[in-house]
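Subject: The structure, and what I found in it

Hi there,

Here is the structure I promised to pass along. Have a look at it first, and then read on for my notes.

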Amino acid sequence: MGKGNKEGTSKQFRWTKPMEHVFLEILAEEARKGNKPSNTFKAVSINRVVDAISERFQVQCDAKHVENHLRTVKNQWQIICKIRGESGFGWDDNMKMITCDRATYDAAVMAHKKYEPFLNKSIIDHYDEMALVVGKDMTTGSFARTFADIDLDDGNEDSMLIDCDNEEAEEVRTNVSSSGTSKRKRKSVQESLIDEQIKFVGEQLGKIANALKQFTADKTSQLYEQVMSMEEEGFDDDLLCSVFDYLVNHESDAKAFLVKSKKHKKIWLQKFSQG
């Protein structure tokens, strides 16, 4: 998707929060336009981000910087999907926050240190744009979510805002007891969502709720494990994450996938990657 600087130079580029907002907003718009075929953005979309970042922030940004950051966001999304597919975790859609009790938190962080930035904390200011940019089923230009993206049993855990950009090594730490202010700010952000997104979510909510009743959290976790285990068969990690996103939104396909033999799973994945 374009030539960038050598790896050493690329690593020196630091993404700030305002830069990431521009990055997500532009790529979300490009996804709505249909410029994300086969779950990969066209070069013209990447170049739009390059030009905007360079011009607005007076920095030397190239395609490699954008592509590297896109991989970082995809990795974050994979972790979020994995956590939400496991039992014991809730979802606060207003705060865009994965919720859990203290015992679950302690056990999860001890087993998976990388989970910590995503538990009981607001995940990202532009979560909905992130879903468009790195989620599956976004190439038609519609704002959509898989049923793994919505939990009917929303929690009201306290939260604190963080910066999820691992490349930036920057955190905004806020005492949990003062999270009421953060909640009010988050509500204000949610109220500003564009009409197109709100309308589509309303239309899909009923379908997603029914799907959730029929597909338990344990099944979702089992599905994730079986899909990601196919990495041993040589399938790309990004592809498998996209397959998981697709299957949790297509219950009949998910059920069929769970009972297939490894051989038939491999054949199905090959057809999926080609389609």
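How many disulfides does the count come to? The count is zero disulfides, where a disulfide is a pair of cysteine sulfur atoms within 2.5 Å. As a reminder, a disulfide is a covalent bond between the sulfur atoms of two cysteines.

Before the details, a word on the source. This is a predicted model, in which local features need pLDDT of at least 70 and side-chain atom pairs count only at pLDDT 80 or more, while totals for chains, interfaces and linings use all residues. Residues are numbered from 1 along each chain as its sequence is written, and side-chain values use heavy atoms, with hydrogens and water left out.

Back to the cysteines. The closest cysteine sulfur to that of Cys241 is in Cys81, and at 4.8 Å it is too far for a bond. Cys241 is buried, with a relative accessible area of 5%; buried means under 20% relative accessible area, exposed over 50% and partly exposed in between, using a 1.4 Å probe and protein chains only. Cys100 is buried too, at 4% relative accessibility.

Now the overall picture. The protein has 12 helices and two strands, taken from DSSP runs (H or I of at least four residues for helices, E of at least two for strands) and numbered from the N terminus. Along the sequence, the pattern reads α-α-α-α-β-β-α-α-α-α-α-α-α-α. Of the 275 residues, 47% are buried. Among contacts (heavy atoms within 4.5 Å) with a separation of 6 or more, 73% are between residues 24 or more positions apart.

Two helix pairs are worth a look. Axes here are lines fitted to C-alpha atoms, for helices over the stretch in contact, with angles from 0 to 180 degrees between N-to-C directions.

The axes of α3 (residues 43-57) and α4 (residues 63-84) come within 9 Å and cross at roughly 110 degrees. The two helices are therefore roughly perpendicular; that label covers 65 to 115 degrees, with under 35 roughly parallel, over 145 roughly antiparallel and the rest oblique. Ile46, Val49 and Val50 of α3 meet Ala63, Val66 and Glu67 of α4. By class, that contact has five nonpolar, no polar and one charged residues. Nonpolar covers Ala, Val, Leu, Ile, Met, Phe, Trp, Tyr, Cys and Pro, charged covers Asp, Glu, Lys and Arg, and the others, Gly among them, are polar.

In the loop between α3 and α4 you will find Gln58, which has a positive phi of about 50 degrees although it is not a glycine. Gln58 is exposed, at 67% relative accessibility.

The axes of α10 (residues 237-247) and α12 (residues 262-274) come within 11 Å and cross at roughly 95 degrees, which makes this pair roughly perpendicular as well. The contact includes Leu239 and Tyr246 of α10 and Trp268 and Phe272 of α12. Its residues divide into eight nonpolar, two polar and no charged.

Finally, helix α6 (residues 127-134) is mostly covered, with eight of its eight residues buried; among them are Asp128 and Glu129. In the loop between α5 (102-111) and α6 sits Asn120, another non-glycine residue with positive phi, near 55 degrees. Asn120 counts as buried, at 17% relative accessibility.

Best wishes
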